[in-house]
Amino acid sequence: MSCFTPYARLIARYVIDALTLLHLIDNDLRIEPSHQLVAPNTIRSEALQLLLEDVRGGKRTERAALEAHERITELKMRLLGDRVSRGTAWRIAREHGWDSLREAEYLAISRLQADALVTVDAAFAARAADVVPVASLNALLATA
């Protein structure tokens, strides 16, 4: 006998990283309403750092960066940073010999709270594929 209710799997949960978040915002892409975005609680700060780098590099105006930041803030996401997620990130980083926990946090949340990771960063997707399911960007987009 299954412990899941019939509607338990109607909502797909996807972890996105900061580059993917900016890609969604920059291209005005709509998330499928039945999907939920999940990310580490640092994602908005990471995205803001990327926006700052764009402004400093002349790729965006400050006004455009701040408008993008406002849209980032409005996007509904479940943000996590609990003890279990951090511990799992630690173990993933140690298992793979990584010097940083940044990517491991996304993978930990993918492993614990999501169906798959979605990233526009091909190198990160390749590293992640050995750890968690990875889905294409199209998996989270609205079809109409």
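1. Isoleucine 16 sits opposite valine 118 of strand 4. Strand 1 (residues 12–16) and strand 4 (residues 116–118) pair in the parallel sense over three bridges; two strands count as paired if DSSP finds at least two bridges between them. Strands are DSSP E runs of at least two residues, helices H or I runs of at least four, numbered from the N terminus.

2. Before going on: this is a predicted model, with pLDDT of at least 70 needed for local features and 80 or more for side-chain atom pairs, while totals for chains, interfaces and linings use all residues. Numbering starts from 1 along each chain as its sequence is written, and side-chain values use heavy atoms, leaving out hydrogens and water.

3. Zooming out, five strands make an open sheet, ordered 3-2-1-4-5, with parallel pairing. At the edges are strand 3 (78–80) and strand 5 (134–135), each pairing on one side only.

4. Now the helices. Helix 1 (residues 18–26) packs against helix 3 (residues 62–74) at about 105°, axes 10 Å apart. That makes helix 1 roughly perpendicular to helix 3 (65 to 115 degrees; axes are lines fitted to C-alpha atoms over the stretch in contact, and angles run from 0 to 180 degrees between N-to-C directions). Helix 1 contributes Leu21, Leu22, Ile25 and Asp26 to the contact, and helix 3 contributes Ala68, Arg71 and Ile72 (contact: heavy atoms within 4.5 Å).

5. Leucine 117 is worth a click: leaving out residues up to four places away in sequence, its neighbours in contact include Val15, Leu107, Phe124 and Val134.

Note on methods: Parallel < 35°, antiparallel > 145°, perpendicular 65-115°, else oblique.
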